Amino acid sequence: MSGNLPHRPPVLRKPVVRTRRGLGGALPALIIVSLFFVVPVVALLLRSVTEPTPGLQNYAILFGDGTYARVFFNTFLVASIVTAVTVMVAFPVAWTLAIMPPALGSIVFGIIILSMWTNLLTRTYAWMVLLQRTGVINRTLMDIGLISEPLPLINNLTGVTIGMVYIMLPFMILPLVGTLRAIDPMTLRAAALCGASPLDAFRRILLPLSLPGIAAGGLMVFVMSLGYFVTPTLLGGTSNMMLAGMIAQMIQSLLNWGLGSAAAFILLVVTMALYALQLRLVGTQRVTGGV
Amino acid sequence: MKLILAGILAGLLAATAARADEMVFTSWGGTTQEAQTKSWAAPFEASSGVKVLQDGPTDYGKLKAMVEGGSVAWDVVDVEMDFAIKAAKDGLLEPIDFTVVPKADLDPRFTTDHAVGSFYYSFVLAWNKGAVSGEPTGWADMFDLKKFPGKRTFYKWSAPGVIEIALLADGVPADKLYPLDLDRAFKKLDTIKSEIVWWDSGAQSQQLIASGEAAFGQLWNGRVFALKQDGADVGASWNQNMTAADVLVIPKGSKNKASAMKFLASATSPKGQAMFAEASGYAPVNTAAKAEMPADVVKSLPDAFVDGQINLDMNYWAQNRDTIAQRWYAWQAK
């Protein structure tokens, strides 16, 4: 990696077809997208309203049943908590990266990218080893006498949050660094000269200016969290089930593909709606990290 | 149109489909599939010249997708028996050709028109000796948090076993288990729910008990057998052990049906069953297999522990699979 960090982070960039001529070049991509995305999604939708019998009964079941309502609620709860914690952890890291000398910055940047290349399952299993009752963290804390009973760090919301925040961090840090680097450091100096305390400068200058990056990263993390499967399954308990886990259960165990398709379609619609909302609120430019 | 998704899924899965002189055997992985490979696939390859590719773990959703999409990559699949009964009813399985697979010595309890036994096993109560003081003697002890504190681990999926355990612990006599009183079972399970850690694969159940992450558990006897062979400090109680079976099935539309039938004949032969039992600790489904086994192995198998043994009712489960599963997962998610 060169010393120059990309100022535009690689996030949710939608290819925009500007001219008719551009369409020709995009044709192979369009065919692939329609073959592997549009067709399956349509098939999914059809399945959800045709199995086991034609009608909307699958959706009626999903919206009418307390269990499914709990899973929906849980999915949004986990995604919200993960997003909030990720922002709080990522901001200082991104800021440090943004003001670091470029040579050092690219090393740290490389470490963060490297973690994204490591297999997700491996990383989640590593957390299991660390977090379980007989795991490294609990053993150490008990050995030095800080606790007498193992802390419940796994098979619950704590485990899910820790594991997911860890995995989501790069997706928050990358857009945030781009935004923070584009902020003129002189604005902060000016604030200080005008008598603002560091906290004031953060709250009234840095935070508002970095909002587009927070929004871009936050949306990405939130949307990715909504559909997460591996980490909640391995680090959570059955009462922390999220939508993706429920869908897997419907497809694999209950073999109720109609219901599973309906749940998957709802997840898709919610995700798309959130993205549309974001576009409207922040604008395409800002969502893609440009300032 | 409805089949497009299944078709695409199956098409992707079939990319690994076997050639004519090959077939694919799918099971649950871990020590069990290793034993199946060694005892069934290797001798079959030697005698038939057909190469047996291993895949796994068994996934009922994938199996359904393959059959519906008409692109079946698996030729023989190891499944739980209650699933096999239901899948046969749903038209997902090929009927077994009993002119190729000799039926005479097969245990009729595990033989149907669409499935032959794979092995049969018992759920037993296992514990980590370092994590438990005293010796649990029966399922009721798993519900006694005062006498036996600590995490307990149970099978995560909706399947025969845990409901029956809860009912037995609550005092239901073994011969009055069916039809299952689900309300009563869930009420009993509620009393220990916060202490339950679920295992979703045999390997995980072994890891939980061996590490002491869970003090006790409901485990497949073969997995306890393997733990003991590895020298893990575990105890096991066969009191009220519960038998259920895995069966071998051929998904409808298998491209190597002829080889698959011959594989079934070989796997359920007295020799194949004896070898597998010796390697896995599970009981043979061929009644002539015992003659081929060393006496000490025969003594360690589930059918040596018939005293107080409970046969889980596969037909009841096959009929009520969906209803119970819905209650089960709703209760788990609470």
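The model is predicted; local features need pLDDT of at least 70, side-chain atom pairs count only at pLDDT 80 or more, and totals for chains, interfaces and linings use all residues. Residues are numbered from 1 along each chain as its sequence is written, while chains are lettered from A and ligands numbered from 1 in the order in which they are written.

**Chain A overall**

- Chain A has 13 helices and 0 strands. Helices (H or I, at least four residues) and strands (E, at least two) are DSSP runs, numbered from the N terminus.
- Of its 291 residues, 33% count as buried. Buried means that 20 or more other C-beta atoms, placed from the backbone, lie within 10 Å of the residue's own.
- Among contacts in chain A with a separation of 6 or more, 77% join residues 24 or more positions apart. Two residues are in contact if their C-beta atoms, placed from the backbone, lie within 7 Å.

**Helix 7 of chain A**

- Helix 7 of chain A covers residues 157-182 and has 26 residues.
- At 1.5 Å a residue, helix 7 of chain A should span 38 Å; its end C-alpha atoms are 36 Å apart, which agrees. The expected span is 1.5 Å times one less than the number of residues.
- Helix 7 of chain A has a kink of about 40° at Met168(A), shortly before the proline Pro170(A). The bend is the angle between axes fitted to the seven residues ending at a residue and the seven starting there.
- Helix 7 of chain A is mostly covered, with 19 of its 26 residues buried.

**Two domains in chain B**

- Chain B splits into domain 1 (3-119 + 246-303) and domain 2 (121-244 + 308-333). Such bounds come from an automatic or database domain assignment.
- The C-alpha centres of the two domains of chain B lie 26 Å apart.
- Between them, 15 residues of domain 1 of chain B are in contact with 18 residues of domain 2 of chain B.
- On the domain 1 side, helix 2 (30-48) and helix 4 (81-89) of chain B each give two or more residues. Helix 4 of chain B provides the largest share, 4 residues.

**Where chain B meets chain A**

- Here 23 residues of chain B are in contact with 23 residues of chain A.
- Helix 1 (3-13), helix 3 (60-69), strand 6 (196-199) and helix 12 (314-333) of chain B each supply at least two residues to the chain B side.
- Helix 12 of chain B gives the largest share of that side, 6 residues.

Conventions: Buried ≥ 20, exposed ≤ 12 C-beta atoms within 10 Å, placed from the backbone.
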